[in-house]
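Dear colleague,

Please find below the structure for your review.

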Amino acid sequence: MEISNYIQRPMPEVVFHYTSSQGLLGIADSGSLWATNIHYLNDSKELNHAFDVFRNELLGRKDKNPLHGLLINSFDNIRHMKLFVCSFTEEGDLLSQWRGYCPEGAGISLGFEFSKIKDSALKQGYTIGPCIYEESEKRRITRIVIDDLMPVLSSMVGKYPENHIRGYFYERIVKIVPFMKHSSFKEEKEWRCSLSPSADSSKQIKYRVGRSIITPYHEFDLKSNGRFSIKGVIIGPCEQKRLQINSVMDVLSARGIEWGQSSYSSTPYRAW
């Protein structure tokens, strides 16, 4: 049950990841991005939003089924599930992204070939897909998912304990809910890589210092055959654009990282 089974989007050739100058150095040195625990992202309520879509669908169903109550109550238990997400966007020069991820006026937007990101994601056990913003589309997908699950869940009643049924439900919808975002984020055109850690991968959780708290993350490996490349670099709004782009190119060259074109943001935004 993958998100790609329920939603079709043209795959972009290039997706972008916004970062700071310090973030670029970390990416260049490690060849990886941070896949952050979803509860520690800027929008702390986004997972609740996705669960509400599922709950409302179950509550509104005319074909009342005793299972509906069991599944509705299960949301309180799975709200705190561990999910790690790594984000990209189709938009490489977006004001809200510069503001959100590069507040010091020293932002960098890195472009990656989507096909390579997808291959890396699948090899590492991530689910990859576009975020869903339209409410009607969320409801449509939710209906289909529940319709697909109900016959299987019904067949489990009386044969398996309730916590087993809840677990089966959880394991399926966990592939869907990370991709449902509030419509106010629509302009981001986000593509997401989502990981629900197994017992083994949980051992690979690392920790970093966030703005105010310690934040858990997984490393999303960008390397293929020991190397990775960058399709393009966009230097965000900053006071010393030329010096910044020279430094970025030097960093990439010194680490043997190939890159394509480089450019400056056209966004009229000043943070210095």
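**Helix packing**

Helix 2 and helix 6 are oblique to each other, a class that takes in whatever is left once angles under 35 degrees are called roughly parallel, over 145 roughly antiparallel and 65 to 115 roughly perpendicular. The model is a predicted one, in which local features need pLDDT of at least 70 and side-chain atom pairs count only at pLDDT 80 or more, while totals for chains, interfaces and linings use all residues. Residues are numbered from 1 along each chain as its sequence is written, and side-chain values use heavy atoms, with hydrogens and water left out.

The axes of helix 2 (residues 46-59) and helix 6 (residues 135-156) cross at roughly 60 degrees and come within 10 Å. Here axes are lines fitted to C-alpha atoms, for helices over the stretch in contact, and angles run from 0 to 180 degrees between N-to-C directions. Helices (H or I, at least four residues) and strands (E, at least two) are DSSP runs, numbered from the N terminus. The crossing of helix 2 and helix 6 is right-handed, that is, the near helix is turned clockwise from the far one by less than a right angle.

On the helix 2 side, His49, Val53, Phe54, Glu57 and Leu58 meet Glu135, Lys138, Arg139, Thr142, Arg143, Val145 and Ile146 of helix 6; contact means heavy atoms within 4.5 Å. By class, this contact of helix 2 with helix 6 holds five nonpolar, two polar and five charged residues. Nonpolar covers Ala, Val, Leu, Ile, Met, Phe, Trp, Tyr, Cys and Pro, charged covers Asp, Glu, Lys and Arg, and polar covers the others, Gly among them.

A second pair is helix 1 (residues 21-30) and helix 9 (residues 241-254), whose axes come within 10 Å and cross at roughly 15 degrees. Helix 1 is therefore roughly parallel to helix 9. Their crossing is right-handed. Ser21, Leu24, Leu25 and Ala28 of helix 1 make the contact with Gln244, Val248, Val251 and Leu252 of helix 9. The contact of helix 1 with helix 9 has six nonpolar, two polar and no charged residues.

**Burial**

In helix 5 (residues 114-123), the buried residues are Phe114, Ile117, Ser120 and Ala121; buried means under 20% relative accessible area, exposed over 50% and partly exposed in between, with a 1.4 Å probe and protein chains only. They cover an arc of only 125 degrees around the axis, which puts them on the same side of helix 5. The arc is that of the directions from the helix axis to the C-beta atoms. The buried residues of helix 5 pack against several strands, including strand 1 (14-20), strand 4 (107-113) and strand 8 (214-221).

Thr19 is found in strand 1 and is buried, at a relative accessible area of 9%. Apart from neighbours within four places in sequence, Thr19 has contacts that include Leu24, Ile27, Tyr101 and Leu110.

Met156 belongs to helix 6 and is buried, at 6% relative accessibility. Not counting residues up to four places away in sequence, Met156 touches His164, Ile165 and Tyr168. Met156 and Tyr168 are twelve residues apart in sequence, and 9.8 Å separates their C-alpha atoms.

**Backbone geometry**

Gly125, which follows helix 5, has a positive phi near 85 degrees. Lys189 also has a positive phi, of about 50 degrees, although it is not a glycine. Lys189 lies in the loop between helix 7 (162-173) and strand 6, and at 39% relative accessibility Lys189 is partly exposed.

With kind regards
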